[in-house]
Amino acid sequence: MSWGTELWDQFDNLEKHTQWGIDILEKYIKFVKERTEIELSYAKQLRNLAKKYQPKKNSKEEEEYRYTACKAFLSTLNEMNDYAGQHEVISENMTSHITVELARYVQELKQERKSYFHDGRKAQQHIEICWKQLESSKRRFERDCKEADRAQQYFEKMDADINVTKADVEKARQQAQVRHQMAEDSRADYSSILQKFNHEQHEYYHTHIPNIFQKIQEMEERRIVRIGESMKTYAEVDRQVIPIIGKCLDEIVKAAESIDQKNDSQLVIEAYKSGFEPPGDIEFEDYTQPMKRTVSDNSLSNSREGKAELKFGGKSKGKLWPFIKKNKGATPEDFSNLPPEQRRKKLQQKVDELNKEIQKEMDQRDAITKMKDVYLKNPQMGDPASLDHKLTEVSQNIEKLRLEAQKFEAWLAEVEGRLPARSDQARRQSGMYDAQNPATVNNCAQDRESSPDGSYTEEQSQESEVKVLATDFDDEFDDEEPLPAIGTCKALYTFEGQNEGTISVVEGETLYVIEEDKGDGWTRIRRNEEEEGYVPTSYVEVYLDKNAKGAKTYI
């Protein structure tokens, strides 16, 4: 089983496979490195935990540790320090025996791989040059043979013509002989080059490539063995600390077994025993005989009554986020589903791509124009009119691309104009740029966290509040009075509001504005009493009755 014989024609795939092998090795290095970081972090947290619960000197806590249960707990804290130290040992050994060693080996492996594939490409280039030489000599031989045939036919024609002088016939004969000699020389050259090429090709496929691929195979097998040895080391590093960790756990068990409940009970007696005798019997007081009523010294004359008071913690009732659900759909053309900075980057990238396409089309147009000028000066080379259609098509493409670029540049200018003005309101609305999840309430965004995919999650405390107040929230939301219209707007583009909280609009449609853009890229509009929702601000042209005083304002 040899790569040199079995995979002689898989140079590119072997190059990809060996690169993949290096990537796997680097991924394993990254895994071990993150494991060492976790071990260090865990050890640090264990030490901090043990330190946090250590008794403070000259305090009541120090007196409590005379009880056997508290002594056992103190012993547990001390053992946790040793336990944390073993996790630090794991981190140190994995770093020195695996991470550092494999990182050095990866660098050596990359250099070795680069050398082998360099030799392989060099051999490929050599065989390609030989092939080109062979093809060239073959075409030359073919051309000379045809020229020799034509010269021979011309000589025979001249020789058969009685009207031709002997000098012309002799000249034709000599020309034919020259052509035949050239053909023979080309034949010999072609034969020589062919033999050389076959020899080089045999050496390439049976010697050079097998040797190179065999070295690559040995390199790859060493990599596989090395990663296996590293995995064994990974396990051994853990195994080495198990006895010490076991001792720590044994000491904790020993401390737990040393707890003496009877002894602790005796300590409680010694701590709180008063030494008084219990009270005697209460004498009978007979009210049927006139006597002076006396009050027994031992009677209990006072009683305390307490009133239980229920305290109901007030709850702040604010508007909750009405659109928790996030639906995934198509990305809007203007990238309005992204946060401002991400949207700006996407728009800038799109503008750059369009500019490159425009430049490409302009270069093509220049080339066609130059070709047309050549045709005009030299009509025999081609018809200038044949290029008019292509020139027109390229010009139309340039115009379309320019319009497209202008559209994205306008969106880009809008975003860049908004970015510097970001304030607290913009920060709390950082998640509102998701076109699939527009929000209408701003005052609760401070209690939210943005997850990596752009959706929103509640903190645990607020999740509980949402569950408890679900009924109140539904009533409050349903009973909320509709907002008054503050202006009108005209849809510049068609928007498909397929997600909860949005509304679909058609280009040219006029609707009522009930809430301005708060810096989040969304405007709240209403079609009628039953249809309202959010649309991207860049999709509408807004007319505000009060702020704009009837003037037209483009948002």
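A salt bridge is taken here as a side-chain nitrogen of Lys or Arg within 4 Å of a carboxyl oxygen of Asp or Glu, and the views below are all drawn from a predicted model.

**View 1. Arg 527 and its salt bridges to Glu 509 and Glu 531.** Arg 527 pairs with Glu 509, with the closest N and O atoms 2.7 Å apart. Because Arg 527 lies in the loop between strand S5 (522-526) and strand S6 (532-536), while Glu 509 belongs to the loop between strand S3 (487-491) and strand S4 (510-515), the pair ties together parts that are 18 residues apart in sequence. The side chain of Arg 527 also meets that of Glu 531 in a salt bridge of 3.1 Å, N to O. Arg 527 is partly exposed at 26% relative accessibility, and Glu 531 is likewise partly exposed, with a relative accessible area of 35%.

**View 2. A network of salt bridges linking Glu 515, Arg 524, Arg 526 and Glu 532.** A search of the whole structure finds 21 salt bridges.

**View 3. A nonpolar surface patch of Leu 49, Tyr 53 and Phe 73.** Together these residues present about 280 Å² of accessible area. Phe 73, which is found in helix H4 (residues 68-160), is partly exposed, with a relative accessible area of 35%.

**View 4. Two cysteines, Cys 70 and Cys 489, with their accessibilities.** Cys 70 counts as partly exposed at 23% relative accessibility, whereas Cys 489 is buried, with a relative accessible area of 1%. A search of the whole structure finds zero disulfides.

Terms used
Residues numbered from 1 in each chain as written. Predicted model: local features only at pLDDT ≥ 70, side-chain atom pairs only at ≥ 80, totals over all residues. Heavy atoms only, no water. Disulfide = S-S within 2.5 Å. Buried < 20%, exposed > 50% of the residue type's maximum accessible area, 1.4 Å probe, protein only. Patch = residues over 30% accessible without salt bridge, like charges linked within 9 Å, V, L, I, M, F, W, Y side chains within 5 Å. Areas by Shrake-Rupley, 256 points an atom, 1.4 Å probe, with all protein chains shown as cover. Helix = DSSP H or I, 4+ residues; strand = E, 2+ residues; numbered from the N terminus.
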